[in-house]
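Visitor: I am new to this structure and would like a careful tour of it. Could you show it to me and then take my questions in turn?

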Amino acid sequence: MKAVIPQSGKAILLAGCISAVLLLAAFEQPAVQVDASAAGPRTLEVQTRAAVVRDYLQAWKSLSGALQENRADLLDASFVGVARDKLADAIGEQQALGLKTQYRDVSHNLKIVFYSPEGLSIQLLDTVQYDLQIVDRDHEQATQHLSARYVAVLTPTEVRWKVRVFQAQPDTLESGQGK
Amino acid sequence: MKERTILLSVSIMAAAMQLAAAESGGLQVPRTVEAGSAFSITTSASSKAVLYIVSPLQVLRRDVEPGASVDIGSGALHNAGHYLALLVGPSSTEKAEFDVVAASQPASVSFLAKPSRLPVNLPEGISGVAYVFDVFRNLVLKPMPVSFKLSDSGTPQTRSVATRNGVAWVKMNSAPKAGAAQFQVSVGSVANKRVVQQVPGDPCNLRMSARRSGERVVVETEPVRDCSGNAVSDGTIVTFTQTYNGRSEATVDVPLKRDVARTELPAREGSVISVATGVVMGNEIRLGGR
């Protein structure tokens, strides 16, 4: 005996499926807070701010994919210069050791702290919560929840902002100009 | 002697506190380590285990014998960042977190100077941005004094600024005199240099003279200079216009050559010749002297 689903029922089922997929996708997105009140000396336009934040968050996705699959080419979309070199070296180390790591960013608290006078670099501080999973020769060793404060310097390229400097700093290390 | 003893005691206490802060179970790691420096990780592993030291920028893996400490050699961990140390044994897992910070000695400075060419006498027209890195290309986040110096044939401008989050910046005025200026940044013993070309500004005064040559009149400007007395660049367009009874008779665009612009126009009695360049108007000459 066949169950017959009316047209309206099919539509409801389809809408439900789509909602579920969207809901799951939403859960995958990290929570993001942005504070651009300290940005300067150049005026930070709303569009620039949105583009920088979008591209920085995308950089975390690129980083995650590259370290998870041990593929340095996945970095190219979001990283250049020193940051790209260092991440690619880390991927080389992982390959040599038979390791893979997975970074899943849970939340970002972004503070844009510097936009250079000529508009060629922008610096942000990111207090990020993330899960780190270590896999050694296909055996998951552990998953840890971590928090760190990253300093990132982004520079404009043809179509997007790319991360040129990317490093974490201890919470205690922040002072200097203008203070 | 007493002061030294107190200082030593304080240092030992501080080191002990740092060690204790990063300690988790039997895994003892210094809370902060300078990039590239050697350090030890103490474990209480009762059987063979594997130690992972992981950040996005560097990964290490060490086999650990029971009860042994792990020595991380000089230069082994050189990328600044937040690291997870994870000791995985057959029956237990221990973890600790620590930070690797940039070496305090700057080794290079990345210098962005803009623009490379600008008019003279422009207040805050030149910007310089310096990022300070250590020998391992880590951004040095500890505040450091950075010196900016813009020097041409006149008195150099010097500014000292402390870095914040590894970056320092300034804005400087272009000089009154045209020519190449050296824009230098230095931090510690490290320096970097850019050349900024300061070109004359817009013309300031424009005067011409005329002399008859048969049926024609030759008009020629005096040397065209900016408000600081610099000769305006050759190639700058000067426009001569001849009108008669308010109607335009001829317009000639002439590029400056060796500071002057020169052309010939019909010597029509009663016509008026005017000269202009950019937004500057020069004098007028009426032919026939009326």
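Guide: Two residues are in contact if their C-beta atoms, placed from the backbone, lie within 7 Å. This is a predicted model, in which local features need pLDDT of at least 70 and side-chain atom pairs count only at pLDDT 80 or more, while totals for chains, interfaces and linings use all residues. Residues are numbered from 1 along each chain as its sequence is written, and chains are lettered from A in the order in which they are written.

Visitor: Is A:Ser62 buried or exposed?

Guide: Leaving aside neighbours within four places in sequence, A:Ser62 is in contact with A:Leu74, A:Leu75, A:Ala77, A:Ser78 and A:Phe79. A residue is buried if 20 or more other C-beta atoms lie within 10 Å of its own, exposed if 12 or fewer, and partly exposed in between. Because A:Ser62 has 20 other C-beta atoms within 10 Å, A:Ser62 is buried.

Visitor: How far apart in space are A:Ser62 and A:Leu75?

Guide: In sequence, A:Ser62 and A:Leu75 are 13 residues apart. From C-alpha to C-alpha, the distance between A:Ser62 and A:Leu75 is 5.6 Å.

Visitor: How many residues does the contact take from chain B?

Guide: The side of chain A that touches chain B divides into 23 nonpolar, 13 polar and four charged residues (Ala, Val, Leu, Ile, Met, Phe, Trp, Tyr, Cys and Pro count as nonpolar, Asp, Glu, Lys and Arg as charged, and the others, Gly among them, as polar). The contact takes 40 residues from chain A, and from chain B it takes 41 residues.
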